[in-house]
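I opened this notebook to keep track of what I looked up. The entries cover symmetry first, then aromatic rings, then charges over rings.

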Amino acid sequence: MTGQSHSAEDNLLNFIKELFPICRSITGEGSRETLRLISRHIPLEIHEVPTGTKVLDWEIPNEWNIRDAYVKNSAGKRVIDFKEHNLHILNYSVPVNLKMTLEELRPHLYSIPEKPSLIPYRTSYYSENWGFCLSHDHLGTLKEDMYEVLIDSDLKKGSLTYGELLIKGKYEEEVLITTHICHPSLCNDNLSGISVCTFLAKSLLQNKTNYSYRFLFIPGTIGAIAWLARNEENLKRIKYGLVTSLLGIDSVFTYKRSRLSNAKVDRIVEYVLSKQDFPFKVVNFIPYGYDERQFCSPGFNLPVGNLTRVPFGEYPEYHTSADNFELISEKALQDSLNVFSEIIRHFEADEILINQFPKGEPQLGKRGLYDTIGGRNDSKTLQLAFLWILNYSDGEHTLTDISMLSGLDIGLVREAAVMLKGKKLIQ
Amino acid sequence: MTGQSHSAEDNLLNFIKELFPICRSITGEGSRETLRLISRHIPLEIHEVPTGTKVLDWEIPNEWNIRDAYVKNSAGKRVIDFKEHNLHILNYSVPVNLKMTLEELRPHLYSIPEKPSLIPYRTSYYSENWGFCLSHDHLGTLKEDMYEVLIDSDLKKGSLTYGELLIKGKYEEEVLITTHICHPSLCNDNLSGISVCTFLAKSLLQNKTNYSYRFLFIPGTIGAIAWLARNEENLKRIKYGLVTSLLGIDSVFTYKRSRLSNAKVDRIVEYVLSKQDFPFKVVNFIPYGYDERQFCSPGFNLPVGNLTRVPFGEYPEYHTSADNFELISEKALQDSLNVFSEIIRHFEADEILINQFPKGEPQLGKRGLYDTIGGRNDSKTLQLAFLWILNYSDGEHTLTDISMLSGLDIGLVREAAVMLKGKKLIQ
Amino acid sequence: MTGQSHSAEDNLLNFIKELFPICRSITGEGSRETLRLISRHIPLEIHEVPTGTKVLDWEIPNEWNIRDAYVKNSAGKRVIDFKEHNLHILNYSVPVNLKMTLEELRPHLYSIPEKPSLIPYRTSYYSENWGFCLSHDHLGTLKEDMYEVLIDSDLKKGSLTYGELLIKGKYEEEVLITTHICHPSLCNDNLSGISVCTFLAKSLLQNKTNYSYRFLFIPGTIGAIAWLARNEENLKRIKYGLVTSLLGIDSVFTYKRSRLSNAKVDRIVEYVLSKQDFPFKVVNFIPYGYDERQFCSPGFNLPVGNLTRVPFGEYPEYHTSADNFELISEKALQDSLNVFSEIIRHFEADEILINQFPKGEPQLGKRGLYDTIGGRNDSKTLQLAFLWILNYSDGEHTLTDISMLSGLDIGLVREAAVMLKGKKLIQ
């Protein structure tokens, strides 16, 4: 865990290991440090939105920072200690320095009786409060005593921080990929998303793309709302969008459709998933979940879906201290990255070419594109690709559509299209 | 059977017992007496349409009334007797007073060889005729003899009678609910429909509704045609319509779609049925059945479906003397009434509200509508209802649509909508 | 095989026997002789398109004719002999008169190692070449020797020949039925198509039809392209089209949809197939196959599907000497003809009539079209047909649509429509 880029250790999982210890929240130094680490890989633009800024129906809250927090017993022992695990603090807790009985403390303690060994992750962003989270077993060990409660935090004017990267392509139309960055030491939610998005952006930077790619690393909800408020006039450039996270568990892929439900992004992602070897499921949009809630609110209604492995709330370790390195693997992260790359291969080919000889088939043989000996049964897939492209390059179908219609691999279709372009059969 | 309203006996089945003995037809005193009994429960407007009135392609026929009818053998014994069962008469038989042999009588006798113990129900409204209906066993006991045949009926100028009730709601748009009233002593067809519609109207009169509700108690075919002819300019007010009957048997619910096939009434009824515990089936429109034939004729093409339990013709007792009190039950009638009430709950909520903060989610927490402690997995259904309503109150979806999309109970959705209205988040 | 029409032997299979020996190609005397034999049955118009004519992106090639071809060993024995089987020649081989070793000859010999006993069918229309096709077993018997190779063929200016028949109906709108005629001695591909199309046209000539029927007997690809180039302005008349062949094997029917995929022709053919007793499958359009490739190119995009039994390339005898009389049967050909006739019955009824009494049902009883005794359960199918026709003769549905909607036989629907027309209820 050196943070040294481009080492032999420069993989998805190691990047998560670097990011894990940071106590992130929707604002504060944890976010900034996270974005700094991402910036070692990709040239992120960092935005600061000041406390009090109106963003749609919301307002940027005070910035929260925390240095230490504990509950000490009368013997001076820290019985709950933020330094041991940053999930122990109710995220956004106000500063506290009090002595109190266990009875007085109890309303400020959060545990999950059904999962007695796990520390829950809890927040109180928009209502001033303080508290500690601990395992139910742990809670059971606390005795009647006079406790010293200290939370050494600030909650004051500052700003909300998010990172943005625009990779300009041949077209102004954009692919939007967003992930949230507001969760503290949790692996699958949300570090897996941060890591995959970072490496995906890094690979896209290697080559010229057709579409422009916009990556957002934003705090959940308020970050999406702030970004939307500041970029309203440019939203029409978004042609495909994906909100993502939860990419580290080796399990089913889950695609949640955009609110439009049959947008191009929906059709492409579903098609790509159907061609992978991994199990997958597709569910309709519901107005609950991650930031697709904001992108798909009725006033925006953007073509933005949500791609995860097993979805939020549906794995038992979700939002607990068990969302750790035992849960995720490099293989799962790589598989997720590969699926994203494959989806992007299909976005990239989603362009319309026009057959210049739409009446009848153009004679491929005289252009050296067709077998000269006829009568055989085994037509070659490249020749089939020519016929599919010519027939459907009608102004309504893209190469990606043609791949989906024909079942021919997108790579073969693009290769065949290049050859047809070379012969001026399509443009 | 006292006709005393609001007694302990004032249930759906007892109302059918009151109505059962009356010899109804498409015109005549039987209809009027039936409507009088309904009027004890709901303030029905009674319409009389004179014989000879042109209604669309039809004409109101002569009014038919009957006092007595029998076939007497030479010993003076009534071997077929209208007073024993009003199904014994071919409905709309002209007056007869003749002596004849069994051979001469036979063409006027109707029985069902395949159901030898049952009296069939037969009519001859539009072709002057006379006859008797009897069980095939009964027919077999008739011996060669000289019979006296008497039908003490009238078929002369008069009028067709139907009942109508408009319950005015907040909106001018109407829900049309119709049932036929022309069948004599048959329980399931049509008395079950009359009873359920009467009690449904009675309950709707208790509360202010959003939509207006129009109930029609009409003779089959000619009644619907007469009403359509007289109300053509107001048909556009009909937003949802249901033709009903056959509600007394404890069996599958059957919904036959409107000719439009995907009208709102179709989607709502299918959704409500799918949420009930009862088995149900949905069938496409066919131009054969009850009065939906008229409401869904191509020149009107109204959003009118047909809701029954087991449909007409598909139970062995249909249109025979076995359609009696052994076939129907108070429980089945109550279940039917409850399904109608549930459908109406969904009609009532089928109104569009508009999210006043369509860009991003409005901040519910600052309005006291959202948990202040974040990170938990078990979002409350009321909070989910807020998110669903806000996201889909886009000018295109009604609260009923939102209930159907989310699977959240319509009651919860309406309750949540009231709270959001209170906070001026939707209007 | 007398060619005598209307004899007891005048069946589909015997016609194939007449046509079988001819060495057809995309041009030449073989085509002309084939069209002459067809002309004995139907009044075909013969078109000649001169070599060098530009047709879309193509050009009519030189005309090919062949008289003899062989490979003789040094002992003077014909070891490969065109006179034995016309598949032995690589179709369109240029004239050759050479002596060469087996080694020199080998690149000009075509066989199928996986099907060692069969002679393959191979062509080289658009690239000058010569060769012989023979079974792999046969190839194995050839010894080192000095061979005399003779191909007595011409490849020179001439023309491409095709046959066309327009059967004028009541409407200008056309049904296009095409089959290719360019294959030499192969039974299923393409003689079965020629035979069925000939007899289908012959039967249509017997009666006045509603639609006009255009039959094309054309060489594959270049024939379709030539016809399209010469008839571009009339293509809009084509309302339904079918490319066909491969009709002689007693197997599954296969319908390949038009590129439009839900054109009327697609819906009708699929419906008719679903009502037959034969197994069938329906596949989506792909831009590979027979001449639907040209008719469905994006610049034309005509409502033209492809109907065969087991499709091209999917039976092991395809394009080999085993596509002979052991493969096909009169029964399979007749079944194919019958399915085409049934499809045409549905095209013929695909006309819109308008209900003159669209509001409510017109009173059928007073017009003698309805039972006078009501209440029965067993409504007659003729009466049902009246109701279906009246309800859906709304300007949007044809009689064929009504048959498809109701499941009532198209014959009954047409009969009922004639009765309703007689009563001026529809027009």
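The entries below follow the order in which I looked things up.

**Entry on the model.** I noted at the start that this is a predicted model.

A rotation of 120° superposes chain B on chain A, with 0.0 Å of shift along the axis and an RMSD of 0.1 Å. In chain B, the residue that comes closest to the rotation axis is B:N262, with its C-alpha at 12 Å.

**Entry on aromatic pairs.** How many aromatic pairs does the structure hold over all chains? I wrote down 52.

One pair is C:F15 with C:F199. Their ring centres are 6.1 Å apart and their planes stand at 65°, so I recorded the pair as edge-to-face; planes over 60 degrees apart count as such. I placed C:F15 in helix 1 (residues 12-19) of chain C and C:F199 in helix 5 (residues 187-204) of chain C, so this pair ties together parts that are 184 residues apart in sequence. Buried or exposed, I asked of C:F15 and C:F199? Both C:F15 and C:F199 are buried.

The other pair is C:Y171 with C:Y211, and it is edge-to-face too, at 5.1 Å centre to centre with 70° between the planes. C:Y171 lies in the loop between strand 10 (159-167) and strand 11 (174-180) of chain C, while C:Y211 lies in the loop between helix 5 and strand 12 (212-218) of chain C, so the pair ties together parts that are 40 residues apart in sequence. For C:Y171 I noted a relative accessible area of 23%, which makes the residue partly exposed. C:Y211 has 1% relative accessibility and counts as buried.

**Entry on a cluster.** In chain A I looked up which residues form one aromatic cluster with A:W58. I listed A:W64, A:Y92, A:Y125 and A:Y126.

**Entry on charges over rings.** In chain C, the charged end of C:R367 sits over the ring of C:F357, 5.1 Å from its centre.

Definitions and conventions: Residues are numbered from 1 along each chain as its sequence is written. Chains are lettered from A and ligands numbered from 1 in the order in which they are written. This is a predicted model: local features need pLDDT of at least 70, side-chain atom pairs count only at pLDDT 80 or more; totals for chains, interfaces and linings use all residues. Side-chain values use heavy atoms; hydrogens and water are left out. Rings of Phe, Tyr and Trp (its six-membered ring) pair if their centres lie within 6.5 Å; planes under 30 degrees apart count as stacked, over 60 as edge-to-face and the rest as tilted. Helices (H or I, at least four residues) and strands (E, at least two) are DSSP runs, numbered from the N terminus. Buried means under 20% relative accessible area, exposed over 50%, partly exposed in between (1.4 Å probe, protein chains only). A charge sits over a ring if NZ of Lys or CZ of Arg is within 6 Å of the ring centre and within 35 degrees of the ring normal. Copies are superposed by least squares on the C-alpha atoms of residues with pLDDT of at least 70 in both.
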